[in-house]
Amino acid sequence: MSRQFSARREVAIGLGVYGAYLAVRHLVVNEAGRRRAARNAERIVALERRVAIHVEPELQALLLPRRRLVAVLNVAYATLNVGLTVGWLMRLYGRRDPEFHRLRRAAALATLGAQPVFLFFPTAPPRTLDHFVDTIADVSGVDLDTGLIARLYDPIAAMPSIHIAYAVVTAAGITETSRSPLARALAPCYPSAVAFVIFTTANHYVLDAVAGAALGLGALRLARALD
């Protein structure tokens with residue numbers, strides 16, 4: 001496996017993975033796809049209730065009175081998670097860390113691995129259901145389902161949670177490669193922090209997070225096997 005550090009190659013890989021994501025979005029984000037996504041969301045909620053893990057509404061209700069905190073969590077959901085994953089990979093690339101290729105491969109595999117589910121089981125996020133609050137629209141005044149923003153991501157791709165998959169990959173990367181003892185010690189807590197954000201902002205279900213964690217761990221194992 002090549003260990004060359006080529007900016008052109010990395011940009012091509014990044015655009016290719018994002019292009020695959022947008023291609024799936026193009027296929028499913030339509031009227032029929034949104035109806036399927038709404039039905040699948042109800043199925044997930046029903047399953048969570050049967051196994052007594054549908055705790056997201058209660059967790060969100062605890063945070064809603066703290067609007068400043070909710071606004072911070074909205075920003076964290078929209079930017080910080082993906083930003084940290086990309087930022088850490090860029091840091092590893094910049095210092096020519098030999099672990100860069102494996103961790104970048106894991107992030108790409110996690111993204112690509114989610115696409116079949118996004119295609120065949122589109123799922124609306126909790127914020128679209130009646131017993132949740134869309135905190136990003138209600139508190140921050142941003143509608144993720146219309147306009148330019150909605151064209152840049154798949155709004156009916158709640159299952160599995162890519163946020164959690166990226167958090168698992170990034171936490172592993174920081175644990176293995178950070179030069180800071182504090183960062184290495186705190187990194188394992190990062191996926192749990194991301195789970196708190198995605199639940200309280202009503203963007204993912206508990207089952208989404210479980211599936212996302214499994215996806216991230218699987219991507220890490222496959223990336224290591226391909227090394």
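Visitor: How much space lies in the largest cavity?
Guide: This is a predicted model, where local features need pLDDT of at least 70, side-chain atom pairs count only at pLDDT 80 or more, and totals for chains, interfaces and linings use all residues. Residues are numbered from 1 along each chain as its sequence is written, and side-chain values use heavy atoms, with hydrogens and water left out. On a 1 Å grid over the protein atoms alone, a cavity is a set of points where a 1.4 Å probe fits but cannot get out; points are joined across faces, edges and corners, and the volume is the space filled by probe spheres set on them. The space in the largest cavity comes to about 50 Å³.

Visitor: Which helices each supply at least two residues of its lining?
Guide: Lining residues have an atom within 4 Å of a grid point, and here they are Thr85, Trp88, Leu89, Leu103, Val169, Thr170 and Gly173. Helices are DSSP runs (H or I, at least four residues), numbered from the N terminus. The ones that each give at least two lining residues are α4 (67-94) and α8 (162-177).

Visitor: What about the largest pocket: which residues lie nearest its centre?
Guide: A pocket is an open set of points with protein on both sides within 12 Å along at least five of seven lines. The largest pocket has a volume of about 1300 Å³, and α1, α4, α5, α7 (147-152) and α8 each supply at least two residues of its lining. Of the 40 residues in that lining, the ones nearest the centre are Tyr18, Val82, Val86, Thr111 and Tyr166.

Visitor: How many residues of that pocket lining are charged?
Guide: Ala, Val, Leu, Ile, Met, Phe, Trp, Tyr, Cys and Pro count as nonpolar, Asp, Glu, Lys and Arg as charged, and the others, Gly among them, as polar. The pocket lining has 29 nonpolar and seven polar residues, and the charged ones number four.

Visitor: Why is the pair of Phe5 and Phe100 called tilted?
Guide: Rings of Phe, Tyr and Trp (its six-membered ring) pair if their centres lie within 6.5 Å; planes under 30 degrees apart count as stacked, over 60 as edge-to-face and the rest as tilted. The structure holds five such aromatic pairs. Phe5 and Phe100 have ring centres 6.0 Å apart, and the pair is tilted because their planes are at 35°.

Visitor: Which residue lies over the face of Tyr93?
Guide: Tyr93 also pairs with Phe100, edge-to-face, at 5.4 Å centre to centre and 70° between the planes. A charge sits over a ring if NZ of Lys or CZ of Arg is within 6 Å of the ring centre and within 35 degrees of the ring normal. At 4.6 Å from the ring centre of Tyr93, the residue over its face is Arg96.
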